[in-house]
Amino acid sequence: RLILTLLGELEDALKLQSLLMVFDDFHRLRGAPSLDRAMGVFLERLPSSVHVAISSRSPISFPTARLSVAEQLIELTQVDLSFNPDEIRRFFHPVVAMSTGLQELAERTEGWIAGLQVIRQASAYPGHLDPQVMLRGPTGPPEQVYRYLAEEIFEQQPEPLREFLTQTAILETFSPADSDAIFGRTDSAQWLNHLVNHGLFTIYLQHNPDTYRYHHLLTDFLRDKLHRENDPSQTRAWHRQAAHYFRNKPLWDDAFDHALSAADETLATDILLHAFTLMRLSGRLDTLQGWL
């Protein structure tokens, strides 16, 4: 009833005027059923001079199919909103003249605009580093990037999800089955679906079915947090479990990297010896030399 009353008043008040209504952070409403019904009615009966913009980290839950078919809806996804190297160059131009490292910066930030904004602000300080140097330096991204990820993403999640993020941060790419096996879980698929559906810096790799990874900067943040706050022996134990798991698959590169991260040279040597013949026959001598 409130929506129908509002629509009537808008029709009377606007006459020939235009109106833009913006709903920001719509995901915070958590898809309340009564609100979804109200929004459906509201959008279907809007006066023609009213336009609505909605931003949300998770897919909106009210129906939009009819608006889309009628060509009354434009949807911009994360891909559309990510900056490419040329856009990054123009974005940084007033602060830093960038001619090199654009591709690296684009890949590391994955075009994430809020992260680029923080890096741009840090670049403007006296004695700043070039943005691409800042990202790959010994201290990693600016502290402001980590603070944003902590306040906006990590700390707002329930404790079981924070634990899941902390554990799986040691993995580069992984499937729910990988996570369940390595960490003794049964809920990995549930958490990964939640992270993707809520736009929480988690990417589903469509070219590699059932495989996920975290945004590069979220991975950096989680690993930094793991290094500073977690018991080192627990972290090494997770790496050792991952090394044994990938050794049995066998995924030799992942197994060897986790064995080194676990500081288990005996396990790393065992993996190298088992992988040696197959990798030599497949022409991967440079990798073997690097391991040695």
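1. In which loop is the place of A263? A263 belongs to the loop between α15 and α16; helices and strands here are DSSP runs (H or I of at least four residues for helices, E of at least two for strands), numbered from the N terminus. The phi angle of A263 is near 60°, a positive value in a residue other than glycine. With 59% relative accessibility, A263 counts as exposed, where buried means under 20% relative accessible area, exposed over 50% and partly exposed in between (1.4 Å probe, protein chains only).

2. Basis of the note. The model is predicted, and local features need pLDDT of at least 70, side-chain atom pairs count only at pLDDT 80 or more, while totals for chains, interfaces and linings use all residues. Residues are numbered from 1 along each chain as its sequence is written, and side-chain values use heavy atoms, with hydrogens and water left out.

3. Overall form. The protein contains 17 helices and four strands. Its radius of gyration is 24 Å, whereas a compact globule of 292 residues would have one near 19 Å; the radius is taken over C-alpha atoms, and the globule rule is 2.2 Å times the number of residues to the power 0.38. Along the principal axes, the C-alpha atoms fill a box of roughly 80 × 50 × 40 Å.

4. Of the 292 residues, 37% count as buried. The accessible surface comes to about 17400 Å², and carbon and sulfur atoms contribute 52% of it; areas come from the Shrake-Rupley method with a 1.4 Å probe, and for residues only the protein chains shown count as cover. Among contacts (heavy atoms within 4.5 Å) with a separation of 6 or more, 60% are between residues 24 or more positions apart.

5. Charge. There are 26 positive and 38 negative side chains, and the centres of the two sets lie 2 Å apart. Lys and Arg count as positive and Asp and Glu as negative, with His and the chain ends not counted; each charge is placed at NZ of Lys, CZ of Arg, CG of Asp or CD of Glu. The count of salt bridges comes to 18, a salt bridge being a side-chain nitrogen of Lys or Arg within 4 Å of a carboxyl oxygen of Asp or Glu.

6. The E44 pair. A salt bridge joins the side chains of E44 and R66 at 3.4 Å, N to O. This pair links distant parts of the chain, with E44 in helix α2 (residues 33-44) and R66 in helix α3 (residues 65-69), 22 residues apart. E44 is partly exposed at 48% relative accessibility, whereas R66 is exposed with a relative accessible area of 61%.

7. Further salt bridges. D187 and R185 meet through their side chains at 2.9 Å, N to O, and R185 counts as buried at 12% relative accessibility. The side chains of R247 and D270 also form a salt bridge, at 2.9 Å, N to O. The latter pair links distant parts of the chain: R247 lies in helix α14 (residues 232-248) and D270 in helix α16 (residues 265-281), 23 residues apart. R247 is partly exposed at 21%, as is D270 at 27%.

8. The buried residues of helix α10 (residues 159-168) are L161, F164, L165, T166, Q167 and T168. Their cover includes α11 (176-183), α12 (188-197), β4 (211-214), α13 (216-229) and α14. In the loop between α9 (143-152) and α10 lies E155, which counts as exposed at 52% relative accessibility. Leaving aside neighbours within four places in sequence, E155 is in contact with A150 and R162. The C-alpha atoms of E155 and T168, 13 residues apart along the chain, are separated by 17 Å.

9. Backbone geometry to inspect. Most residues other than glycine have a negative phi, and most peptide bonds are trans. E71 has a phi near 60°, a positive value in a residue other than glycine; E71 sits in the loop between α3 and α4 (78-81) and counts as exposed at 72% relative accessibility. K249 and P250 are joined by a cis peptide bond, with omega about -10°. P250 is located in the loop between α14 and α15 (252-261).
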